[in-house]
Amino acid sequence: MVCKPREEGGLRLRNIQNFNIALLAKWKWRLIAEEKGRWKEMVVSKYGQGSEVSRIPVKLQSWWWRDLVKVCEPDGDGGWFQKEVGWKLGCRDKVRFWEDIWNGNSSLKILFPRLYSLSLNQGQKVEEMGRWDDGVWRWNLRWRRARFEWESKLEEEMLILLSTTRLHREEKDDHTWGNEDERCFSVNSAYACLVNQGRGTHLEVFKLLWKAKAFPNVVTTAWRALTDNLPTRERQSRKGVMLNNTLCALCQTTAESNQHLFM
Amino acid sequence: MLYVRPRLNPINISSCKLALSVWSMCFRWFGIVLAQHNDIKINFESFHLFQVNYKQNLVWKGVWTSVVRSIWDQRNEVVFKQGVVDAEEIFQKAQIKSWLWLKHKSNSFTYSLVDWILNPTSCITSFK
């Protein structure tokens with residue numbers, strides 16, 4: 001409740017758990033997006049690069065690294081991170097054809113698992129899987145064996161999907177974060193998208209409330225009244241507090257609910 | 001005289017008589033007729049003056065919060081300190097609360113408490 005934005009009736013406090021994840025995600029982002037750096041070399045030399053499985057037994061990994069892995073792993077709670085990271089496609093010298101998400105919302109490996117298992121191009125970059133032919137890109141996919149008929153249908157399907165994205169010859173691949181206009185990672189946006197998972201409707205009431213010309217303690221009490229958060233007798237008894245009676249302290253006729261007391 | 005957005009008024013069976021009288025005092029103070037709505041959020045929204053601008057309406061919203069706060073304070077007074085129930089007192093405390101804010105936080109506001117109590121509308125319309 002208190003962590004919600006003010007427009008929705010909250011107090012806009014940081015949820016430190018989410019904020020910690022957002023801060024950790026920044027390391028993850030720097031790890032994939034930055035070209036060089038001494039710290040990155042060290043981390044890569046110890047733990048390997050990208051999504052490759054770490055060779056070091058878990059016990060010898062630092063706590064920082066273990067948290068980092070946990071926070072951003074694709075299948076668990078860390079899926080949000082993978083969702084936000086995208087590719088700005090250039091000549092595809094970095095994007096891996098099957099494994100990375102560069103065409104639509106999920107990787108080809110997940111969309112076409114059957115074809116993936118047949119492919120001889122596993123782990124290869126997009127660039128390596130075709131060539132420019134008179135300014136037109138031609139795919140050169142290699143397979144372990146001839147496809148069955150139903151598998152060739154899958155292949156056609158995939159080629160149609162592939163034709164929807166365009167390749168640019170000159171530009172280099174780069175990572176993007178979030179939606180199109182904001183390419184750069186920020187802890188704030190990471191936090192926002194963590195919080196965004198499950199959000200209600202906006203209410204004009206609370207926007208106005210926090211702008212009201214009154215002292216903060218007064219506004220806060222009003223906020224508690226508006227969100228039915230004041231310990232009225234009726235609310236206390238609902239929460240299991242034993243009371244002699246729940247009648248309104250002011251008029252002694254009806255139960256002292258939020259509604260009754262202020263309206 | 002100021003006019004407010006008219007609203008349909010569901011019958012307030014469940015309302016506290018004391019709170020109602022505080023609110024009606026508040027409306028009389030500003031010289032307006034306003035239907036009380038049962039839902040607290042809608043009530044807050046409908047607490048709106050048409051003749052004054054957005055910023056001045058925020059002062060009016062501030063009055064609303066002060067009234068709510070005073071009611072709650074009085075209720076605590078009664079429950080914990082054997083206080084006496086007095087609608088008049090609740091209302092006056094709310095008046096003072098809102099005036100104190102204007103006095104201390106607004107540079108352009110030069111009215112005294114008596115002015116604020118006797119002629120609140122001109123105080124609000126002069127608020128910048």
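**Figure 1. The loop between helix 3 and helix 4 of chain B holds B:Gln82.** The model shown is predicted. B:Gln82 is not a glycine, yet its phi is positive, at about 50 degrees. The residue counts as exposed because 7 other C-beta atoms lie within 10 Å, and the cut-off for exposed is 12 or fewer.

**Figure 2. A:Asp228 sits in a loop of chain A, between helix 10 and helix 11 (233-238).** Its phi is near 55 degrees. That is a positive value in a residue other than glycine. A:Asp228 has 13 C-beta neighbours inside 10 Å and so counts as partly exposed.

**Figure 3. The largest nonpolar core has 47 residues.** B:Ala19, B:Val22, B:Val67 and B:Ile71 touch the most other members. Helix 3 of chain B gives the largest share, eight residues. Leaving aside residues up to four places away in sequence, B:Val22 touches B:Val67, B:Ile71, B:Ala87, B:Ile90 and B:Phe91. In soluble globular proteins, nonpolar side chains tend to be buried together.

**Figure 4. Helix 1 and helix 3 of chain B pack with their axes 11 Å apart.** The angle is about 150 degrees. The two helices of chain B, helix 1 and helix 3, are therefore roughly antiparallel to each other. Their crossing is right-handed. Helix 1 of chain B brings B:Ala19, B:Val22, B:Trp23 and B:Cys26 to the contact. Helix 3 of chain B meets them with B:Val63, B:Val67 and B:Ile71. By class, this contact has seven nonpolar, no polar and no charged residues. Among these residues, B:Ala19, B:Val22, B:Val67 and B:Ile71 are the ones that touch the most other members of the largest nonpolar core.

**Figure 5. Chain A and chain B meet in a contact of 26 residues from chain A and 31 residues from chain B.** On the side of chain A, helix 9, helix 10 and helix 12 each give two or more residues. Helix 10 of chain A provides the largest share of that side, six residues. By class, the side of chain A that touches chain B has 18 nonpolar, five polar and three charged residues.

**Figure 6. Helix 1 (residues 16-33) and helix 8 (residues 187-195) of chain A cross at roughly 130 degrees.** Their axes come within 8 Å. Helix 1 and helix 8 of chain A are therefore oblique to each other. The crossing is right-handed. From helix 1 of chain A, the contact takes A:Asn18, A:Phe19, A:Ile21, A:Ala22, A:Leu23, A:Ala25 and A:Lys26. From helix 8 of chain A it takes A:Val187, A:Ala190, A:Tyr191, A:Leu194 and A:Val195. These residues divide into 10 nonpolar, one polar and one charged.

**Figure 7. Chain A as a whole has 12 helices and four strands.** Of its 263 residues, 19% are buried. Among contacts in chain A between residues at least 6 apart in sequence, 55% join residues at least 24 apart.

Notes: Residues are numbered from 1 along each chain as its sequence is written. Chains are lettered from A and ligands numbered from 1 in the order in which they are written. This is a predicted model: local features need pLDDT of at least 70, side-chain atom pairs count only at pLDDT 80 or more; totals for chains, interfaces and linings use all residues. A nonpolar core is a set of buried Ala, Val, Leu, Ile, Met, Phe, Trp, Tyr and Cys residues joined through C-beta atoms within 7 Å. A residue is buried if 20 or more other C-beta atoms lie within 10 Å of its own, exposed if 12 or fewer, and partly exposed in between; C-beta atoms are placed from the backbone. Two residues are in contact if their C-beta atoms, placed from the backbone, lie within 7 Å. Ala, Val, Leu, Ile, Met, Phe, Trp, Tyr, Cys and Pro count as nonpolar, Asp, Glu, Lys and Arg as charged, and the others, Gly among them, as polar. Axes are lines fitted to C-alpha atoms, for helices over the stretch in contact, and angles run from 0 to 180 degrees between N-to-C directions. Angles under 35 degrees count as roughly parallel, over 145 as roughly antiparallel, 65 to 115 as roughly perpendicular and the rest as oblique. A crossing is left-handed if the near helix is turned anticlockwise from the far one by less than a right angle, and right-handed if clockwise.
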